[in-house]
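Here are some notes to read beside the structure. Please keep the sequence open while going through the points.

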Amino acid sequence: MLSKRVIVCLDVRDGKTTKGVKFQGNVDVGDPVEMAAEYYEGGVDELVFYDIGASPRHKEIMIDVVSAVAKRIAIPFAVGGGLRTTDDMRRVLLAGADKVSIDTAAVRNPALIVDGAARFGRQCIVLGMQAKRVGESARIPSGYEIYIEGARTPTSLDAVRWAREAEELGAGEICLNSIDADGTQEGYDRDVTRMVSGAVNIPVIASGGAGTPEHLRAVLTEGKADAALVASVVHFGTYTIAEIKRYLSDHGVPVRMNW
Amino acid sequence: MPEQITIVDYHAGNLTSVRLAVERLGHGAVVTSAPDEVRTASRLIFPGVGAAGAAMATLKTLGLDAALVEYARAGRPLLGVCLGAQIILDYSAEDRTNCLGLVSGRVQLLQAPEGVKIPHMGWNEVVQVRTHAIWQGVEDRSQFYFVHSYAPVPEDAAALGLTDYHGRFVSVLGQDNIVACQFHPERSGRVGLRVLDNFLRWKP
């Protein structure tokens, strides 16, 4: 049986892993390469790195991080943040990433999904979605609207519709972040996850709100997610990956237990 | 003296992780699209992701199809990975493609009921159905990382490992000097590296 994946997300700012709450007040939590190696040894199934750097050299710094990570781990990892062209994608893939994650750039330029999938294969293209609960309306039938630019700018795109469209354009996977739940550690938004996962035939990674292993269990079962993203809950040492996976396994969620 | 490993590049996906995994296991790696280098390789990895039709077309354009057949017939070890584990068979239903025919059989779309997600993406168990050098030190039912929509259907005797995704499929196959895995050993953690290391030591 296919296992549910536990994925650790590392936000990287100019070579350091940082963690913020609701896109504000980031604190440095460590060296991304060392952290990646520790999570790999600790049983994580996959990693995602987001470049949130702002310095003039942040792209080059990120490539160095990706190259160093690729030499240390032997599990899949994705890289996102500031990838606007297929050449941007190519650079991180050649440095050793397996997948690229695009979010704002995909909304602004949906052809990027098409071109990326054609050039590197669908399995490479992860669509990042920032969804905010806004209430159902004619414009937003699912009640969840897509935001871009670090969750600051509304787009008038309905989350479920955008997920379906992106799948048709060639996205291979969706990483669905709930803006409302992000950073709260009060649990994932199971409703939006279930809706989006049920609407597409590609894997959906739930993101935003993990505070306890029970939150992962809930989104991986009732929320129909194929994978769950965690950050603060492991970065700050509240739980280890092994503890989370043991809990999931004990509660009947298929996960990889030997690593 | 560590052996030089040849990795076939036919523009079907990113080979960085395969190369790094080989290097990490203490070998040199040459990534090449040159038919002569493939023909004369001492140990060959044939990776790849993407669609069978485009992959076969590129192999032909580059003259790699004949080189791969010649290499395989010489009896030296060959490891197919992912798409490379599919197009070593006779035929793929993906794009209705005639393939290399190094192993008898065909490739078909994963058989999954309505509502089941395709591609099969993530970690899944491999049940070892035949002893083979690549299984040395690898626990039965270990999990490996998969990303694919099609799977090989070799003649029965070639199956080395089976995986269940709403139905069983052959995830590892072997015949003479050829072994092939549908999963990505270079992205399957310690156990994947062990399979790769076993291949690199294998003397068929």
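**Notes on chain A**

1. Among contacts in chain A between residues at least 6 apart in sequence, 63% join residues at least 24 apart. Two residues are in contact if their C-beta atoms, placed from the backbone, lie within 7 Å.

2. This is a predicted model, in which local features need pLDDT of at least 70 and side-chain atom pairs pLDDT 80 or more, while totals for chains, interfaces and linings use all residues. Residues are numbered from 1 along each chain as its sequence is written, with chains lettered from A and ligands numbered from 1 in the order in which they are written.

3. Chain A contains 10 helices and 12 strands. These are DSSP runs, numbered from the N terminus: helices are H or I with at least four residues, strands E with at least two.

4. Which residues of α8(A) and α10(A) make their contact? The axes of helix α8 (residues 213-221) of chain A and helix α10 (residues 241-250) of chain A come within 9 Å and cross at roughly 50°. The contact is made by P213(A), L216(A) and R217(A) on α8(A), with E243(A), I244(A), Y247(A) and L248(A) on α10(A). Axes are lines fitted to C-alpha atoms, for helices over the stretch in contact, with angles from 0 to 180 degrees between N-to-C directions.

5. In the contact between the chains, chain A gives 24 residues and chain B gives 29 residues. On the side of chain A, α2 (58-72) and α3 (86-94) are the elements that give two or more residues.
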